[in-house]
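User: Hi! I am new to this structure and would like to understand the words used to describe it. Could you walk me through them?

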Amino acid sequence: MLALLLNLRSTEKGFKAEATIPYVERSIELYKLYGKSAYVSKINALEIRLANLSGKHIGLCYPFQDKIELDRDFWITATDAEKEEVMLHELGHCVLDLDHSEPFSIMQATGTLFPLYTSLYQEFMDEYFDCSIMCPKVEWDGSKYD
Ligand SMILES: [Zn+2]
């Protein structure tokens with residue numbers, strides 16, 4: 001565990017806020033499980049921070065800065081499943097270049113799917129990882145994406 005933490009924080013990899021590391025690690029496990037190991041280095045390179053995001057934003061991907069910001073108040077109060085879902089959502093933008101999908105997708109635009117996320121977990125995973133091939137890619141036209 002310590003070795004992995006040090007590894008994530010080594011110079012060639014992007015900074016990860018301590019509270020986000022378990023969800024980064026879990027996401028990497030899922031990416032590997034679903035045959036997306038090629039994206040792991042991109043996840044490792046991302047900078048992932050907690051920040052005080054404005055409005056209703058709970059997460060933001062900055063595609064041109066290889067950076068994700070997660071709302072600090074959300075992160076402190078969210079359930080384990082919600083944090084996993086939001087991490088996967090932002091990685092969907094920043095790593096897989098996915099656009100939003102509606103309505104029953106990890107890439108849906110607003111809030112979280114919890115508790116549906118846990119009861120239909122397998123379906124959401126299949127949709128998310130199939131989506132990395134089949135769904136329309138986002139056309140980056142702004143500096144950030146929520
Ligand atoms: Zn989004």
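Analyst: Happy to. In helix H2, that makes Ile-21, Tyr-23, Val-24, Glu-25, Ser-27, Ile-28, Leu-30 and Tyr-31 buried. Please keep in mind that this is a predicted model.

User: Thanks! How many helices and strands does the protein chain have, and what pattern do they follow?

Analyst: The protein chain has seven helices and three strands. Along the sequence the pattern reads α-α-α-β-β-β-α-α-α-α. Of the 146 residues in the protein chain, 48% are buried.

User: What is the reach of H2 set against the expected one?

Analyst: The expected span is 1.5 Å times one less than the number of residues. H2 has 13 residues, for which 18 Å is expected, and the reach from its first C-alpha to its last is 18 Å, close to that value. After H2 comes Gly-35, which has a positive phi near 75°.

User: Why is the arrangement around the zinc ion called tetrahedral?

Analyst: Four donors count as tetrahedral if all angles lie between 85 and 135 degrees. Here the angles subtended by the four donor atoms are 93 to 134°, so the arrangement is tetrahedral.

User: And which residues are the protein donors of the zinc ion?

Analyst: They are His-89 (NE2), His-93 (NE2), His-100 (NE2) and Asp-146 (O), at 1.8 to 2.0 Å from the ion. The cut-off for a donor here is 2.8 Å. Their spacing in sequence is H-x3-H-x6-H-x45-D. His-93 is in helix H5 while Asp-146 is in the segment after helix H7 (121-134), so this pair ties together parts 53 residues apart in sequence.

User: Are His-93 and Asp-146 buried, exposed or partly exposed, and how do you know?

Analyst: For His-93, the relative accessibility is 0%, so it counts as buried. Asp-146 has a relative accessible area of 30%, which lies between the 20% and 50% limits, so Asp-146 is partly exposed.

User: What makes the contact between Glu-84 and Arg-26 a salt bridge?

Analyst: As a general point, side chains of opposite charge can pair when their charged atoms come close. The rule asks for a side-chain nitrogen of Lys or Arg within 4 Å of a carboxyl oxygen of Asp or Glu. In the pair of Glu-84 and Arg-26, the closest N and O atoms are 2.8 Å apart, and the two form a salt bridge. The pair links distant parts of the chain, with Glu-84 in helix H5 and Arg-26 in helix H2 (residues 21-33), 58 residues apart. Glu-84 is buried because its relative accessibility is 6%, while Arg-26, at 24%, is partly exposed.

User: How many salt bridges does that rule give?

Analyst: The count comes to four salt bridges. Among them is Glu-47 with Arg-49, whose closest N and O atoms are 2.4 Å apart. Glu-47 counts as partly exposed at 23% relative accessibility, and Arg-49 is partly exposed at 34%. Another joins the side chains of Glu-69 and Lys-67, at 3.6 Å from N to O; both Glu-69 and Lys-67 are buried.

Methods
Residues are numbered from 1 along each chain as its sequence is written. This is a predicted model: local features need pLDDT of at least 70, side-chain atom pairs count only at pLDDT 80 or more; totals for chains, interfaces and linings use all residues. Side-chain values use heavy atoms; hydrogens and water are left out. Donors are N, O and S atoms within 2.8 Å of the metal (3.2 Å for Na, K and Ca); water is not among the atoms, so sites may look incomplete. Four donors count as tetrahedral if all angles lie between 85 and 135 degrees; four count as square planar and six as octahedral if opposite donors are over 155 degrees apart and all others between 65 and 115; anything else is irregular. Helices (H or I, at least four residues) and strands (E, at least two) are DSSP runs, numbered from the N terminus. Buried means under 20% relative accessible area, exposed over 50%, partly exposed in between (1.4 Å probe, protein chains only).
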